[in-house]
Amino acid sequence: MTTFLFDGDDTAPVTILLAHGAGASMDSPSMTATAKTLAAAGFQVARFEFHYMAARRYGHRKPPPRAETVNPEYIKAIADLRAKGVTGKLIIGGKSMGGRVASMVADEMFAKGEIAGLVCLGYPFHPPGKPEQLRTKHLIDLKTPTLIFQGTRDEFGTRDEVAIYGLSPAIDVIWLEDGDHDLKPRKAISGFSTGDHLKTVAETIKAKLAQPSASSF
């Protein structure tokens, strides 16, 4: 059974399932701040870890696997979440690699009526400094209503690069001013704080994915 960290009211009408990035755990400061902000906005949030990350808690230092190899773990997490009694609308997603994995299983789950949408926090469109190594093929024909939140300083995909990828019309990319890959801006330069950007994330999800009739943009 998948182990979850829960935030928010368990009677919330919408639950958001989040997976971590390649190098940081589900209870990292960035993931925790995101979960707390989403919970404060009225969502129930469930966080989980892929096996390689969970193993690190027991001294087994495993490198991140190829993202697609953990797709079955994400699908199992959805099933285990339902088995724990979580009902109602479900949005899946995650930070960086976690969001990428969620995006690779999203259409299968959406077609089955298991999920209502997808949220990616800092999508790794390509490795830093390697813009030719794109991770976008499955995003061209994605059918699931999707929000990608990307900082304008994110080295994994800039605004100019993303503009020419030809992403599916089901995807809405929300640019967060001066944010890095963790969506963190430099307040002295941008005037925004990480908290400001996380509130924008929560408000945008609520407006575009969490409404009863929300099925497309």
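This is a predicted model: local features need pLDDT of at least 70, side-chain atom pairs count only at pLDDT 80 or more; totals for chains, interfaces and linings use all residues.
1. Let's start with one pair of residues you can find on screen. Val119 has a bridge partner in strand 6, and that partner is Leu147.

2. How many strands form it, and in what order? There are seven, arranged as an open sheet in the order 1-3-2-4-5-6-7, with mixed pairing. Strand 1 and strand 7 are the edge strands, each pairing on one side only. From one strand to the next, the twist averages 20°.

3. Helix 4 packs on it and touches strand 2, strand 4 and strand 5. The direction of helix 4 makes about 135° with that of strand 4. Helix 7 (residues 194–208) lies across strand 2, strand 4, strand 5, strand 6 and strand 7. Relative to strand 6, helix 7 runs at about 165°.

4. Time to look inside. In soluble globular proteins, nonpolar side chains tend to be buried together. Here the largest nonpolar core has 35 residues, and those with the most contacts inside it are Leu17, Phe48, Phe50, Tyr74, Ile78 and Ile92. Among the elements giving two or more residues to this core are strand 2 (14–19), strand 3 (44–48), helix 3 (71–83) and strand 4 (89–95). Which element gives the most? Helix 4 does, with six residues.

5. Leaving aside residues up to four places away in sequence, Tyr74 touches Leu17, Leu18, Ala19, Phe48, Phe50, Ile92, Gly93, Gly98, Val101, Ala102 and Val105. Apart from this core lies another one, of 22 residues, including Leu38, Ala41, Leu121 and Ile205.

6. Here is a charged residue worth a visit. Asp7 lies in strand 1 (residues 4–7). Is Asp7 buried or exposed? Asp7 counts as buried because its relative accessible area is 7%, and the cut-off for buried is under 20%.

7. Not counting residues up to four places away in sequence, Asp7 touches Ala35, Lys36, Ala39, Phe43, Gln44, Val45 and Arg47. Take Ala39 from that list: in sequence Asp7 and Ala39 are 32 residues apart, while in space their C-alpha atoms are 5.8 Å apart.

8. Finally, check two backbone angles. Most residues other than glycine have a negative phi. What is phi for Ser96? The value is near 50°, which is positive in a residue other than glycine. Ser96 sits in the loop between strand 4 and helix 4, and this residue is buried, with a relative accessible area of 10%.

9. Asp178 also has a positive phi, near 65°, in a residue other than glycine. You will find Asp178 in the loop between strand 7 and helix 6 (187–190). With a relative accessible area of 6%, Asp178 is buried.

Note on methods: Residues are numbered from 1 along each chain as its sequence is written. Side-chain values use heavy atoms; hydrogens and water are left out. A nonpolar core is a set of buried Ala, Val, Leu, Ile, Met, Phe, Trp, Tyr and Cys residues joined through side-chain atoms within 4.5 Å. Buried means under 20% relative accessible area, exposed over 50%, partly exposed in between (1.4 Å probe, protein chains only). Helices (H or I, at least four residues) and strands (E, at least two) are DSSP runs, numbered from the N terminus. Contact means heavy atoms within 4.5 Å. Two strands pair if DSSP finds at least two bridges between them. Axes are lines fitted to C-alpha atoms, for helices over the stretch in contact, and angles run from 0 to 180 degrees between N-to-C directions.
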